[in-house]
Amino acid sequence: KRFIVVIPLIFLYVLATGANPPVLRAGIMTTCFLISLSVQREPLIYNSLALSALIILIFTPQQLFTASFQMSYAATIAIVYFYKKFYVPFSKVRNRFLKILIGAFCATTAAQVTMIPISAYYFGQFSLVSFISNTVIVPLVGFITTLGFVFYILTFISKFLAAGAAFILEILLDAVLAAVSFFGQTKYAALIVPKPHIWQAVLFFAGSFAAPCLKGAKRIIVLAIILGIFVTFFMTIGGSKNGEAFYENRNMSVLHIKSDKKDLFIVRKKLKYDKNYVKSLGEYIRFNGIKNPDLIAEGFDERLLREDLGLLRGQRAGFSQID
């Protein structure tokens, strides 16, 4: 009975947070899990995940092809599958505070196993600091959420107690925002990589989920294959097919001419030098795995262009100047 009572509260929370797709998915996942408990059936988490995905896709099938949907389910499955395996070496820890931090670290590490290829595929990068940042931030957010409900209840009981809870909440929220800002501004917070091929991602997933089931030399071989796939993320030569592509805004324009031997970029200033536009061009070059672009610039100097493009380490670009 208590599981049935909890379900409306879950969707009340979903509505209170704006019913965004990730929260709605989490609400449906949890509801499917609680229904299995309420009818005294064995809670098979993978079946519950599959059922929640089926319900969502019946009404919005296009979500299957969104990064948000894929990341939500991939991270959840990874946490369910890898968490206990990662936690085993720390199972003898008795300190309660350390156990909370270790639990957050293991959950984050488990989720990142599946986030690496997906994040690289959609965004051309993946986080390097999340393993540490989430270990600090996730426990704080959990405590803040609980205290937020307490604060709401206290507003009906005592203004003095509610003010005290609000003061603590403000301190904790400032601490979370400061931590997010600190980790986000770290120089190497994220590693930018070329867009991997689908086969690389598939092999990465297969190897990652197979490795824990193996022992001895077989596990080492599989992990070596995974590492090899990981390295190929940096070696992938992507980019568009042969031909031309033209991009512009009110300040600048870029013509990308692609051939079998090289990628030529003709960058022209129309009104003024747009630093953000040039940085976006650098992201485009990195995301497509273009190693040695040839650049022709019109209206600004080489030093400024090279600095704002932020070419990959070891990357050399031919450069021509047009006055």
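## Cores and a helix pair in a predicted model

In the largest nonpolar core, which has 14 residues, Phe265, Leu281, Leu305 and Leu309 touch the most other members. A nonpolar core is a set of buried Ala, Val, Leu, Ile, Met, Phe, Trp, Tyr and Cys residues joined through side-chain atoms within 4.5 Å; buried means under 20% relative accessible area (1.4 Å probe, protein chains only). The model is predicted: local features need pLDDT of at least 70, side-chain atom pairs count only at pLDDT 80 or more, and totals for chains, interfaces and linings use all residues. Residues are numbered from 1 along each chain as its sequence is written, and side-chain values use heavy atoms, with hydrogens and water left out.

Helices (H or I, at least four residues) and strands (E, at least two) are DSSP runs, numbered from the N terminus.

H10 gives the most, four residues. Another core, of 13 residues, lies apart from this one and includes Leu147 and Ala189.

Helix H5 (residues 96-123) packs against helix H8 (residues 198-210) at about 175°, with the axes 10 Å apart. Axes are lines fitted to C-alpha atoms, for helices over the stretch in contact, and angles run from 0 to 180 degrees between N-to-C directions. H5 is therefore roughly antiparallel to H8 (angles over 145 degrees).

Gln112, in helix H5, is buried, with a relative accessible area of 11%.

Note on methods: Parallel < 35°, antiparallel > 145°, perpendicular 65-115°, else oblique. Buried < 20%, exposed > 50% of the residue type's maximum accessible area, 1.4 Å probe, protein only.
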